[in-house]
Amino acid sequence: MSAFPFEITAHEGQARTGVLKTPRGDIPTPIFMPVGTAATVKALTLDMVRQSHAKIILGNTYHLMLRPTAERVKRLGGLHKFMGWDGPILTDSGGFQVMSLSQISKVTEEAVTFQSHIDGSRHILSPERSMEIQADLLGSDIVMQLDECVSWPAEEARAQKALQLSARWGQRSKAAFGQRDRQALFGIQQGSTFEALRRESTDRLLDIGFDGYAIGGLAVGEGHEAMCDTLDYCAPLLPWERPRYLMGVGKPIDLVEGVARGVDMFDCVLPTRSGRHGQVWTWEGPLNIKNARFAEDDTPLDATSDCPASRDYSKAYLHHLFKAEEILGQMLLSWHNIAFFQALMIRMRAAIAAGEFAAFRKGFHETHVKKGA
């Protein structure tokens, strides 16, 4: 029996809507989780994040354990109190950083040993230590098992070795996590783009048993089509009755196609990272606000939005802020993008509930794919 009940309320094909019930509030799915890497969603106040209709945010184990340290966060009351967020928080395990920082890390059966990118100090991250940091020190609501994520392209033998290590680490993560009433533990499916390996990984995870299941090892360079091809078979392998989380994804079209394949939860740094560089998403496709054509455009990004950044500022003003290198421009575009991603999820939930998701998906392709969204 999972600590967090998950109720599926409607479905159309593989796409489904649901509610994940947590002690800190209900999470409607499909949902997008803004990334708060270092206990902050970059360039935004938490009031902005709340106003965007975000219900859950993500924190980063690797970065927080190095600075300010998980022990300090614990002394200051836990991550929720430290950053001032009273809703649910999901923390990643640190496994992705193992891959991205492979030049300064070493993986063994026991743990990952790595150097801090901040000061070069040496650290050890084991499944047991990852559980301690996430569940006990940071106090996150959804904890991720420690896993090994391989880069792409990966040879099949290398991908199999990583998934088997991840499964053994998943068993150790589960043992260290134990049974908890107010926190949930998710396992992570690996296997790169190999169907047989995804099946093997899933079988290992189901033998262990988790509160939810994540799809790892995608959005690492394989491209949109390869990701979708992999999701075609790897998402349905996971239990229908538990939440499915596609890690690190993605662009709006990735979210639409992920939902179409039965994914419930997403996270990505893209909305805020792109916003800081002048890129915005709209219902007509992506725009670069730095382009000269916006210099005298007095229309807002989205006059119908309830987000002030989308509704109350002209494109000309936003263009000016970027040209003048004013920080406000980065804040407003990040806020707009986060709100757009949430609005996209709200529209998808409504479309599935109404039995109109196929039409929504087709229309979204027509306005976005041809424009590179």
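Let's start with a term: a residue is buried under 20% relative accessible area, exposed over 50%, and partly exposed in between. Keep that handy for Asp 136, which has a relative accessibility of 36% and therefore counts as partly exposed. The model you're looking at is predicted. A search of the whole structure turns up 18 salt bridges.

- Asp 136 pairs up with Arg 180 in a salt bridge, and their closest N and O atoms are 3.0 Å apart.
- Asp 136 sits in helix α6, while Arg 180 is in the loop between α7 (156-177) and β11 (184-189), so this pair ties together parts that are 44 residues apart in sequence.
- Arg 180 is partly exposed too, because its relative accessibility is 21%.
- Arg 129 and Glu 132 form another salt bridge through their side chains, at 2.9 Å from N to O.
- Those two are 3 residues apart in helix α6 (residues 127-138), which means about one helical turn separates Arg 129 from Glu 132.
- Arg 129 is partly exposed at 21% relative accessibility, and Glu 132 is partly exposed as well, with a relative accessible area of 34%.

- Glu 148 and Arg 158 make a salt bridge, with 2.5 Å between the closest N and O atoms.
- Glu 148 belongs to the loop between β10 (142-144) and α7, and Arg 158 to helix α7, so the pair ties together parts that are 10 residues apart in sequence.
- Glu 148 has a relative accessible area of 8%, so it counts as buried.
- Arg 158, at 35%, is partly exposed.

**A salt-bridge network**

- Side chains of opposite charge can pair when their charged atoms come close.
- Four residues are linked in a network of salt bridges here: Asp 232, Glu 257, Arg 261 and Arg 361.

**Helices α8 and α9**

- Helix α8 (residues 195-208) and helix α9 (residues 224-237) have axes that come within 10 Å and cross at roughly 15°.
- Angles under 35 degrees count as roughly parallel, so α8 and α9 are roughly parallel to each other.
- Their crossing is right-handed.
- On the α8 side, the contact is made by Glu 195, Arg 198, Arg 199 and Thr 202, and on the α9 side by Thr 230, Tyr 233, Cys 234 and Leu 237.
- Sorted by class, the contact of α8 with α9 has 3 nonpolar, 2 polar and 3 charged residues.

Notes
Residues are numbered from 1 along each chain as its sequence is written. This is a predicted model: local features need pLDDT of at least 70, side-chain atom pairs count only at pLDDT 80 or more; totals for chains, interfaces and linings use all residues. Side-chain values use heavy atoms; hydrogens and water are left out. Axes are lines fitted to C-alpha atoms, for helices over the stretch in contact, and angles run from 0 to 180 degrees between N-to-C directions. Helices (H or I, at least four residues) and strands (E, at least two) are DSSP runs, numbered from the N terminus. Angles under 35 degrees count as roughly parallel, over 145 as roughly antiparallel, 65 to 115 as roughly perpendicular and the rest as oblique. A crossing is left-handed if the near helix is turned anticlockwise from the far one by less than a right angle, and right-handed if clockwise. Contact means heavy atoms within 4.5 Å. Ala, Val, Leu, Ile, Met, Phe, Trp, Tyr, Cys and Pro count as nonpolar, Asp, Glu, Lys and Arg as charged, and the others, Gly among them, as polar. Buried means under 20% relative accessible area, exposed over 50%, partly exposed in between (1.4 Å probe, protein chains only).
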